[in-house]
Amino acid sequence: MNNATQSRLLQWASFFLFIQSAILTLAPAVRERTWDVDYRLSHWLGFFVWIVLMALAHRATIKQLPERDPYLLPAAALLSGWGVLTIWRLDEVFGLRQMIWLTISILVFIFALYLPQNLIYLRRYKYVLLGGGLFITALTLLFGTNPLGIGPHLWLGCCGVYFQPSEPLKLLLVIYLSAYLADRVSIRLSSLPLLVPTLVVTGISLLLLVVQRDLGTASIFVFIFAIIIFLATGKRRILLSTMLFLTLALVLGYFFIDIIRIRVDGWINPWSDPSGTSYQIVQSILAVANGGTIGRGLGLGSPLLVPVAISDFIFAAIAEESGLVGTLGLLVTIWLILARGLIASLRAADRFRRYLAAGIVTYFGIQSLLIIGGNLRLLPLTGVTLPFVSYGGSSLLTSYIALFILLVISNLVDAEPAPLENPKPYTTLASILAIGLAAVALSSAWWAIVRSPDLLSRTDNARRSIADRYVQRGELMDRNNQPINITEGSSGTYERVYLYPDLAPITGYTHSVFGQAGLEAALDNYLRGLQGNPSSLIWRDHLLYGTPPPGLDIRLSIDLALQTQADLLLGSHTGAIILMNADTGEILVMASHPTYDPNKLDDLGDSLSQDPAAPLVNRATQGLYPMGTALLPLVRAEFGLRQPTEAELKKYYQKLGFYKIPELNMPAAYDVENNSTENLRISPIQASLAAAALSNHGIMPFARIAMAVDTPEQGWVVLSAENKSVEVVQPKTADETSLAFIVEGKPYWSRASKASADGTTITWLTAGTIPDWGGTPLVLIVTLEENNISLAENIKNKLLDAALNQ
């Protein structure tokens, strides 16, 4: 029965890895959306080697351990195969190395099966084994190195072959503690003389690891020591004391050890320095969020954005491409090993084997929780490996030796389980591990589902721009379908091109380093195909390609002919121009100077943000200027020639929308500091909406700039207005007031004024068509950061004449 169960589980594992290998092969074609690509084939070597090795291991266990637990080997085999293929997908060179280490590990595992299976030699030579492990680990203080060339020198070796002694030292500590405590039948916490040798040896190990700065392994040592002592004594205060000790060590380490301070700061507030000391954890969380529920697809994510993805952050790499479904499967497989290991412990034939099996389960469980919890910001980063999965020869070899011991202990042949006086410590251990894995699963779901939308929209999430290289982004075009921002190239090389750079403060940009701005950010869901496409198409492309469908084109209200003339008239002067349809709120012209060329962000991006002229700011919606008497016609329309009180004026300004942010599909601002009317600052878009009432019979419209989206099913679909128009002035009064400011011989009214603040003079010009104008009602706002009424008048005359004569 055991043989059949193990065989069937290994077949399912091989089927899963075969499917994974096939998907990895086809991933380039899926990403490029064409069959004419270079397919991935080298990882098949790792798969077939895995098949051969597991077949050999299966046959050897059948022969040597007929009554073994049939779940342990398949679970470990699945994890190690999954790890090899993941590492191969991330880096072929390291994938090949991991395959070699897997071969060595399985051969050692098979060789060990033919050794005496009573494990008496482990118990007998506990001091020699642990002493030898400590000695080899101590050699790293003199001859240690780091394969990456940076970081703690925790490895021994050279010429591309390295071994980390602290990995087997964990297992050796488990063996030592199990053997020592098994020889002391009636040990209690009060039996201090009996515990002294154990405390000394463990203390020496911890001191060595702290000097090495291998703090992750040191933490695991503390947990192993505490839990095995707890199993032997049954005293829960050991666990409480351990948690208190670790907390105190963390607090002291925070103040005296730089690496602990950096990791704790990154754990508590990773968003304070997402591109610096917290880069690893932020990118790990973004990877989990990017994976979502079902993942981006094997070979289709961007897990290499996370540093050390093959080792410390391999869980995040799996989460990004396999999603929450994949990570839950990984956690269930880990739990299967832990649960079956605890069962083997409870059924063990003697106390030594019972402690040994429980200690190995503790080693596997605590190390898994520490590294996965660190990936998910559930715990501080520790820098340990994920057993059986992460890259690392010494870790993989140690894991398979530990697996061998578990299998031997589970192989009960004509032996009764040793008496168990108090099973509570073992149920407590099982509960701790189960709660830990449940917490990890909930944390994964939190980042992958709940926080995913917010995280993926962050400007420092490079995955968005990487996906944009493979999916065509929708175009921004003017009201006459003339392109403004387009995408050129082919799958894998798509690049955003800005055909009319002067509109950059308004239309913005999308960039892999500098994120998004303007309409490119506000309308991103449409432009990326996440909105406006049928939900079935979005899900299909997500399932097949791990990306959204092609983006949708958006028609703006901008008139490029008028826009070009406005930009030429404003020239090198600093300020803003808005020309709006006073009835519908459609913005025909929106100019903000100085401007910049988003096609040159790679070269100029850093300097633009530091430019005192602030070219990145859209002055039309984000610039706040003292209003002075710029809107005197509106005040006259409401109050006539009398001077309104402060309360009356404030109430009127509230009706005009000066105390709230304008509702518009782009970043906008309002004066949040001044509740008074005397020093109130307003933006040109606020002024244009208010002034529109004088050309629209007292009705103030709501601004519109994104007019329609080209959907695949219905063609051009009009985007609904953000809100409805509202009457702010009596129609008759509005008409009479506009006529009082009419320009002689012209069908429009106008008023120019100046305002001052902080030593700077601001020029305002407000103009609009008269009530009986037979064409489209228009309103114009010109704001100049200089004393130049003649320029404002010139802009008005030429731009309004051009608009009225269209």
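The predicted model holds 5 cavities of 30 Å³ or more. A cavity here is a set of points, on a 1 Å grid over the protein atoms alone, where a 1.4 Å probe fits but cannot get out. Lining residues have an atom within 4 Å of a point. Grid points are joined across faces, edges and corners, and a volume is the space filled by probe spheres set on the points.

The largest cavity has about 80 Å³ of space. Its lining includes Gln20, Leu24, Trp82, Thr86, Arg89, Leu90, Ala317, Ile318, Glu321 and Ser322. Leu298 and Pro303 also line the largest cavity. Helices α1 (2-32), α3 and α13 each give two or more residues to this lining. By type, the lining residues divide into 7 nonpolar, 3 polar and 2 charged. Ala, Val, Leu, Ile, Met, Phe, Trp, Tyr, Cys and Pro count as nonpolar, Asp, Glu, Lys and Arg as charged, and the others, Gly among them, as polar.

Residues are numbered from 1 along each chain as its sequence is written. In this predicted model local features need pLDDT of at least 70 and side-chain atom pairs count only at pLDDT 80 or more, while totals for chains, interfaces and linings use all residues; side-chain values use heavy atoms, with hydrogens and water left out.

**Salt bridges**

Two of the cavity-lining residues, Arg89 and Glu321, also form a salt bridge. A salt bridge is a side-chain nitrogen of Lys or Arg within 4 Å of a carboxyl oxygen of Asp or Glu. The whole structure has 16 salt bridges. Three of them are tabulated.

| Pair | Closest N to O |
|---|---|
| Arg89 and Glu321 | 2.7 Å |
| Glu785 and Arg619 | 2.8 Å |

Arg89 forms a salt bridge with Glu321. This pair links distant parts of the chain: Arg89 sits in helix α3 (residues 72-90), Glu321 in helix α13 (residues 314-346), 232 residues apart. Helices (H or I, at least four residues) and strands (E, at least two) are DSSP runs, numbered from the N terminus. Both Arg89 and Glu321 are buried. Buried means under 20% relative accessible area, exposed over 50%, partly exposed in between (1.4 Å probe, protein chains only).

Glu785 pairs with Arg619. Glu785 lies in the loop between β19 (778-784) and α30 (789-804) and Arg619 in helix α25 (residues 619-622), so the bridge ties together parts 166 residues apart in sequence. Glu785 is partly exposed at 29% relative accessible area. Arg619 is buried at 8%.

Asp801 is in helix α30, and Lys746 is in the loop between α29 (731-740) and β17 (748-757), so parts 55 residues apart in sequence are tied together. Both ends are partly exposed: Asp801 has a relative accessible area of 24%, Lys746 one of 32%.

Shared partners join Asp468, Arg473, Arg496, Glu520, Asp524 and Arg528 into one salt-bridge network.

**Nonpolar cores**

A nonpolar core is a set of buried Ala, Val, Leu, Ile, Met, Phe, Trp, Tyr and Cys residues joined through side-chain atoms within 4.5 Å. The largest has 126 residues, and Phe109, Leu356 and Ile405 have the most contacts inside it. Helix α14 (residues 351-375) gives the largest share of this core, 14 residues. Beyond its neighbours within four places in sequence, Ile405 is in contact (heavy atoms within 4.5 Å) with Leu119, Leu122, Leu171, Ile175, Leu356 and Ile360. Another core lies apart, with 63 residues, among them Tyr526, Leu552, Leu664 and Leu680.

How values were computed
1 Å grid on protein atoms, 1.4 Å probe; cavity = no way out; pocket = protein on both sides within 12 Å on 5 of 7 lines; lining within 4 Å.
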